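Subject: Structure handover

Hello,

Here is the structure I promised to pass on. My notes follow below it.

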Amino acid sequence: MSLQNFDVAGKRVFLRCDLNVPLKNGEITDDGRIRASLPTIKTLIANGASIVIAAHLGRPKGEAKPELSLAPVAKRLSELLGAPVQFAGAVTGSDVTSKAAALKAGEILLLENIRFSAAETSKDETERQVLAKELAALADAYVGDGFGAVHRKHASVFDLPKLLPHVAGTLVAAEVEVLKKLTQNPERPYGVVLGGAKVSDKIGVISNLLGKVDVMAIGGGMVFTFLAAQGREIGTSLVETDLIETVKGLIKQAADSGVKLVLPTDILVAPAFAFDAPATLVSADAIPADQMGLDIGPDSAAAFATAIRSCKTLFWNGPMGVFEFPAFASGTKVVAQALTEVSGISVVGGGDSAAAVRALGFADSAFGYISTGGGASLEYLEGKELPGLTALGL
C-alpha cells in the first residue's frame, strides 16, 4: 500500500522522521533532511490526519542533552510548512499524552529527541517494547519515513510499527526505489565512488560491490590504508593498520573480478589537520614522513571525474578530502561536478556527501538523487536486511 492510499482521515498518525540535522551553536547548518520530510507531512495533512512526529538528533545515549534538543528543528519545520508545530519537550509522559490527545486534523506535535529515552536504542527487546507501547498509545496509525534510521533495531523504527497499522512514507519509498535501481540490473557501466575517513565503515560494502560494479574509485581518508597496503609511504595520514591485510585482499578481489580500481596518483598534504594549514601537492608515491594527506590532487580528481562520466549508473558516498577546509575541498567539488554530468542515474549517498554538495554550492536538483541515509544506504548495498524496512514490509 502507498501512503496516498493509507486511510488517515480523522486519525492521529505517529510519524517517524529523520530530522538528524547538523547544528552549530544551536543553529541548523543544513536543513536538507527536514525538507526531505515535507512531502510525507503535507500528504498526511491533506488527507485529514493530525501528526505526532518522532525523530533523533545525534547520539545522546539515553540522556537529555540540551545541545541535542529538537527545539530548533521544530522552529525550522514550522517555517518550512508555514504553519505552527507544537514542541513537546519530552518523549513520553502525561504532558505528551495530553498534547497528542488534543491535536486536531492538520495539527502537528514534535516530540523531543527520541534518543533521550534509553529504551529507544536498547538492545533489550523488552525495554524497547515498553517504550513502543507508550508511543503506540499516542496514535492510531504509523508511518515510517526516517530512512536514515531504518538500519537500526530501535523502538520507534522496528518495534512500534508492529503495534499499529503502518505504511512507508514518501521518502522511504523513494529511497528504496532508488536503491533497487542500484542493486537490480543497474544500467552499465556501473561505478561507485567511496570516500570518508575510515575503511572499517565500508569494508562490507566494498567487498559486496566488487562483484557487481565495473568501476570503483577510492578517495578520502580511507585511501591511505589502500596506499599503505600497496607499500607506499603515507606520512602521518589517517590509517587503519589492522586492516592493511584485509585491504590487500580487496585490491586482489578487484583485479580478479575485472573491476577497474581507481586510486589517487597525487595528494594534497599539510603538516597538520587545521583549517588554515598550507596545502602542498605531492605524488601519491612521495608523501613526506611529516605530512598528512587531506585531499586527492587535481590529476586524481580529473581521473575520478573521467571514470564517473563514463558510467550510466553511479553511487557516491564519502567526501574526497576535508571539504570543510577551503584548501582541501577541490577534490570533492570536482567529483560532485562530474556526478551532475552522468547521463544515467547518479546517487549521492547521504551523510557527509549530501552535506558536502550543499556546502559547495550545488543544488539538490543537479543530481539524480540525494539519499538522506548514508549508513542505511551502505548497509542496503552491502546486502544486509534493514530492520526498519522489514517492519514496514519492504
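Contact here means heavy atoms within 4.5 Å. By that criterion, and leaving aside neighbours within four places in sequence, Ile 206 is in contact with Leu 194, Met 216, Ile 218, Met 222, Phe 226 and Leu 250. Please keep in mind that this is a predicted model.

Cores

Ile 206 belongs to the largest nonpolar core, which has 104 residues. Ile 206 is among those with the most contacts inside that core, along with Phe 14, Ile 53 and Leu 111. There is also a second, separate core of 29 residues. Val 215, Val 262, Val 335 and Ala 338 are included in this second core. In soluble globular proteins, nonpolar side chains tend to be buried together.

Strand S7

Next, strand S7, residues 141-144. Both of its faces are covered. Ala 141 and Val 143 are buried on one side, Tyr 142 and Gly 144 on the other. S7 pairs with strand S1 (residues 12-16) in the parallel sense, over 4 bridges. Within that pairing, Phe 14 has Tyr 142 as its bridge partner. S7 also runs parallel to strand S8 (residues 166-168), and 3 bridges join the two. There, Val 143 stands opposite Val 167.

Helix H12

Which residues of helix H12 (residues 351-359) are buried? They are Ser 353, Ala 354, Ala 356 and Val 357. These four cover an arc of only 160 degrees around the axis, so they lie on the same side of H12. Asp 352 and Ala 359, on the other side of H12, are exposed. The cover over the buried residues includes strand S15 (313-317), H11, strand S16 (345-348) and strand S17 (369-370). Just after H12, Gly 361 takes a positive phi of about 95 degrees.

Thr 332

H11 spans residues 330-339 and holds Thr 332. Is Thr 332 buried or exposed? Thr 332 counts as buried because its relative accessibility is 0%; the cut-off for buried is under 20%. Its side chain reaches the backbone nitrogen of Gly 321 at 3.5 Å. Not counting residues up to four places away in sequence, Thr 332 touches Asp 295, Trp 316, Pro 319, Met 320, Gly 321, Phe 323, Ala 356 and Leu 360. One of these, Ala 356, is a buried residue of H12.

Best wishes

Methods: Residues are numbered from 1 along each chain as its sequence is written. This is a predicted model: local features need pLDDT of at least 70, side-chain atom pairs count only at pLDDT 80 or more; totals for chains, interfaces and linings use all residues. Side-chain values use heavy atoms; hydrogens and water are left out. Buried means under 20% relative accessible area, exposed over 50%, partly exposed in between (1.4 Å probe, protein chains only). A polar contact is a pair of N or O atoms within 3.5 Å; within protein, one must be able to donate a hydrogen and the other to accept it, and residues adjacent in sequence count only if both atoms are side-chain atoms. A nonpolar core is a set of buried Ala, Val, Leu, Ile, Met, Phe, Trp, Tyr and Cys residues joined through side-chain atoms within 4.5 Å. Two strands pair if DSSP finds at least two bridges between them. The arc is that of the directions from the helix axis to the C-beta atoms.
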